[in-house]
Every structure is written in C-alpha cells, then in structure tokens.
Amino acid sequence: MEDKRQRARVQGAWAGSVKSQVVAQPATSAKSLLYQRPGHSWTNKEHHLSDKQFVFKEPQQVVRRAPEPRAIDKEGVYEISLSPTGISRVCLYPGFVDLKEADCILEQLFRDIPWKQRTGIRGDVTYQQPRLTAWYGELPYTYSRITMEPNPHWHPVLRTLKKQIEDNTGHTFNSLLCNLYRNEKDSVDWHSDDEPSLGRHPIIASLSFGATRTFEMRKKPPPHRVPREYHSRDPRINLTFRTVCPDPHGAQC
C-alpha cells in the first residue's frame with residue numbers, strides 16, 4: 001500500500017515536469033478550403049501535429065519519500081513518531097490474556113455488552129458506522145460528532161480487565177470504548193484519538209479478543225485505522241481503555 005502511494009507521488013512529480021509547446025497556426029477560412037488541392041488539407045494537419053513538442057524532465061529529487069512499512073508483532077516498546085509535542089510510543093504485550101481464558105471472555109462480552117450501531121457524520125453526510133460500539137464511564141465522550149452518553153454500570157469482566165491493565169502499565173483509566181468488528185467488512189477509518197477531553201498527552205490501552213486483524217498506524221496528518229479486509233474474518237472485540245477529563249477541554253487532566 002505504501003509502495004503504491006510512493007509510486008503515485010513520483011508519477012505526480014513526473015507529470016508536473018512535462019511541458020508541452022503548441023505552435024499556433026492561422027485559422028483557415030471556408031473559402032480557402034474550397035480551393036485546396038486533394039489531400040492538401042490532410043497534409044497540413046500532419047504538419048501541424050509535428051509542430052507539437054513534448055519535453056520530459058525527470059525530477060532531480062523526490063520532495064517527500066514515504067517511509068518503508070514495518071510490522072510490529074513482537075513484544076516491546078516502539079517509537080512511532082517524534083514531534084514538538086512529544087514522542088508517540090506503542091507498547092505491545094502479545095498474549096496478555098491466556099488463550100483459553102480469552103476465548104471465554106470473547107463469548108461473554110459478545111453476548112452481554114449492549115452493542116449498538118451508531119450514525120456517524122462526515123461533512124453533511126450521515127452514515128451507519130461499519131462496526132458496533134458500547135461505552136462505559138461516568139462521563140460522556142464525543143468523537144467524530146458522536147456523543148456516547150455516560151454509563152457507570154461496568155460489566156464485572158471489564159472491571160477486572162481494567163484492574164489487570166492498570167497493574168501492568170502503571171496508568172489508571174476511567175472509561176472504555178468497546179468496538180465489535182463482526183466480520184471482514186467491519187472497519188474503522190483513519191482517526192487520531194486526540195479529542196480535547198482526553199488531555200494533552202492521551203494514553204490508551206487497547207486490548208483485543210478474537211480474530212486477528214490488521215491495525216495500521218502512520219504519522220499525522222493521516223492517523224491509524226482498522227481497514228476492511230477481503231478475506232473472511234471471525235468476530236473481533238477491541239477494548240480501548242482511556243481517561244476522560246471532567247473538563248471537556250482537557251485542562252484538568
């Protein structure tokens with residue numbers, strides 16, 4: 001995918017370097033056409049075409065080169081990007097929950113969580129989100145012009161998982177956004193998780209159960225997503241624990 005984007009950029013640079021030169025010719029009157037010799041008009045057309053000159057100049061350097069994609073599939077801490085506001089890191093913990101226990105949790109959450117398909121807004125167009133979601137927390141949460149109402153009634157399994165994550169990471173969380181990807185057609189588009197209510201330096205703990213899916217990240221302006229896939233996929237539940245500030249502008253975090 002990155003290679004295609006890179007090729008597209010290079011091709012765009014090439015296209016921007018192509019120059020055409022067209023030599024203007026005087027207009028031919030209707031009267032002059034009547035007295036042209038047979039085949040003379042076609043000869044003129046060939047002559048006009050030969051006057052067009054196309055010059056190709058290969059760019060000396062690519063202004064912006066796309067980074068090579070890399071897969072993160074082993075336990076560790078990875079620096080994704082460095083910006084004036086700080087460093088973005090990903091800490092990966094494969095097998096955080098035992099496999100047999102994870103299967104039981106998947107079935108229970110699939111059955112017990114009040115999943116709902118919400119209506120998203122993009123510009124002036126509304127659409128059905130291609131996944132199901134649920135929210136837990138004493139405060140509301142707004143993203144992409146969708147407001148999740150407060151829900152302080154945590155499922156016991158979710159509360160246990162939150163405590164386990166807090167003990168292992170050293171961070172505390174007061175909210176949870178649950179996502180259910182029913183099959184390979186469900187997805188989430190590029191987004192940043194940078195709402196003001198999450199504070200200046202948001203920390204999110206993401207825990208997934210079920211089918212393996214691709215999770216893509218890239219530097220801003222394009223953020224991260226779970227794309228649609230073209231191979232059959234079983235259900236997948238993704239739990240994103242986060243801290244929502246009482247102040248909607250994040251000043252008190």
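Trainee: Does Arg225 count as buried or exposed, and at what relative accessibility?

Mentor: In this predicted model, local features need pLDDT of at least 70, side-chain atom pairs count only at pLDDT 80 or more, and totals for chains, interfaces and linings use all residues. Residues are numbered from 1 along each chain as its sequence is written, and side-chain values use heavy atoms, with hydrogens and water left out. Buried means under 20% relative accessible area, exposed over 50%, and partly exposed in between (1.4 Å probe, protein chains only). Arg225 therefore counts as buried, its relative accessibility being 17%.

Trainee: Which side chain does Arg225 meet in a salt bridge?

Mentor: A salt bridge here is a side-chain nitrogen of Lys or Arg within 4 Å of a carboxyl oxygen of Asp or Glu. For Arg225 the N to O distance is 2.6 Å, and the partner is buried as well, with a relative accessible area of 18%. That partner is Glu216.

Trainee: How many residues apart in sequence are the parts that Arg242 and Asp193 tie together?

Mentor: The closest N and O atoms of the salt bridge between Arg242 and Asp193 are 3.6 Å apart. Arg242 lies in strand E14 (residues 236-242), whereas Asp193 lies in the loop between strand E11 (188-191) and strand E12 (205-210), so the pair ties together parts separated by 49 residues. Strands (E, at least two residues) and helices (H or I, at least four) are DSSP runs, numbered from the N terminus. The sequence separation is thus 49 residues.
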